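Thanks for coming. Please have the sequence and the structure open.

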Amino acid sequence: MTFDVPLDVFRWIATACGVSTLLAAGASSFILCGLIYTISGVSSRLLSRTYNKLSIKDQHRWNSGLNRASLGFLLSLLGLRVLWEGAPDDIVYGKTELLTHTASFALGFFIFETRDTLNMYLSHNVLEETLIVHHTLGVLLYFLTLSTESYLYLACVILVQELHSPMTHIGWIMSKQGRDADWKWDVNQYLLITVWVVFRNGCDAMVWLRILFAIPYGFFYGPTLPMLYILVGMGLLSFYLNPWWLKLKVMQIRRRNEKYMRLLESSKASTDTIEELSGRPATPARRRSGQTRRSSEAPS
């Protein structure tokens, strides 16, 4: 007898708490988010000098990012499993235990993330509009598909897009540590963009194709509200949110390159000034000294 993760975990939680497995899946996701956020805050304060130098707002972002990285990776694994097992014969009403519990687990995550994003606004006056839209769309999507038991496959396979989450948070932490000049930061960012194009933009295209192929087989004959919501939500995700976020990822690399180009030019200008004032060319040691001094003055 094999152990099915996560379904057997949900069954164990449901039995232990005396609740349904669907409620166990959603509640475990929400509680897990809270635990990761709390553990991140406590452990980072004890172990990370960078964390203790951050503002309260950025500490909040640090903990939220670690939670999104962890849960996003778990959700992407569930989405990949759904993709691997294939679509049900009925794209509208087809359901399996994996689909319903994956949707419930995702609902718990998006409820927590919506609460966290609103808390960022109320506590720090930081309004992250695209995140609020994204997380609210997620809450409504999984509530509608679960309550009507329709379009569950499309709602679950889209979770593949969360695979980029760990790389997004790793890049942010390295930038806060002043390590964005490190080759590891470059590798992480270019890998992030590759994963983004393949698993977010690629998944968008796959879902649209699945919708088009399902039209002759009754795609529009399912419950009207979730059907329209999926179409509108996919439109926002495919043609606004995902392109906008991808542009921001590319701009991060461009701004980093421009910053260090300015530092390099400033260091070179400083060395030229030393040569002019001394009346003789600066020695290699003096050049290195000037560059080191300028680099140490640069903002991290």
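Is the crossing in which H4 passes H5 left-handed or right-handed? It is left-handed. A crossing is called left-handed if the near helix is turned anticlockwise from the far one by less than a right angle, and right-handed if clockwise.

Before going on, the ground rules. This is a predicted model, where local features need pLDDT of at least 70 and side-chain atom pairs count only at pLDDT 80 or more, while totals for chains, interfaces and linings use all residues. Residues are numbered from 1 along each chain as its sequence is written, and side-chain values use heavy atoms, with hydrogens and water left out.

The protein has eleven helices and zero strands. Both are DSSP runs numbered from the N terminus, helices being H or I with at least four residues and strands E with at least two. The C-alpha trace spans about 85 × 45 × 45 Å along its principal axes.

Back to the first pair. The axes of H4 and H5 come within 11 Å and cross at roughly 165°, which means that H4 is roughly antiparallel to H5. Axes here are lines fitted to C-alpha atoms, for helices over the stretch in contact, and angles run from 0 to 180 degrees between N-to-C directions. Under 35 degrees counts as roughly parallel, over 145 as roughly antiparallel, 65 to 115 as roughly perpendicular, and the rest as oblique. The contact of H4 with H5 has twelve nonpolar, seven polar and seven charged residues. For those classes, Ala, Val, Leu, Ile, Met, Phe, Trp, Tyr, Cys and Pro are nonpolar, Asp, Glu, Lys and Arg are charged, and the others, Gly among them, are polar.

The second pair is H8, residues 165-176, and H9, residues 183-214, with axes that come within 9 Å and cross at roughly 150°. H8 is therefore roughly antiparallel to H9. This crossing is left-handed. On the H8 side the contact (heavy atoms within 4.5 Å) includes Met 167, Ile 170 and Met 174, and on the H9 side it includes Trp 185, Leu 191 and Val 195. By class, the contact of H8 with H9 has seven nonpolar, five polar and one charged residue.

On a 1 Å grid over the protein atoms alone, a cavity is a set of points where a 1.4 Å probe fits but cannot get out; a pocket is an open set with protein on both sides within 12 Å along at least five of seven lines; lining residues have an atom within 4 Å of a point. Points are joined across faces, edges and corners, and a volume is the space filled by probe spheres set on them.

The largest pocket holds about 1,200 Å³. Of its 37 lining residues, Glu 128, Thr 168, Trp 172, Lys 249 and Gln 252 are the closest to its centre. Its lining divides into twelve nonpolar, 13 polar and twelve charged residues.

There is one cavity of 30 Å³ or more, and the largest cavity has about 290 Å³ of space. It is lined by 20 residues, with Leu 141, Ile 158, Gly 233, Met 234 and Leu 237 nearest its centre. H10 gives the most to this lining, six residues. The classes are 14 nonpolar, four polar and two charged.

Two backbone details to finish. The peptide bond from Val 5 to Pro 6 is cis, with omega near 10°, and Pro 6 lies in the segment before H1. Glu 149, in the loop between H6 and H7, has a positive phi of about 50° although it is not a glycine.
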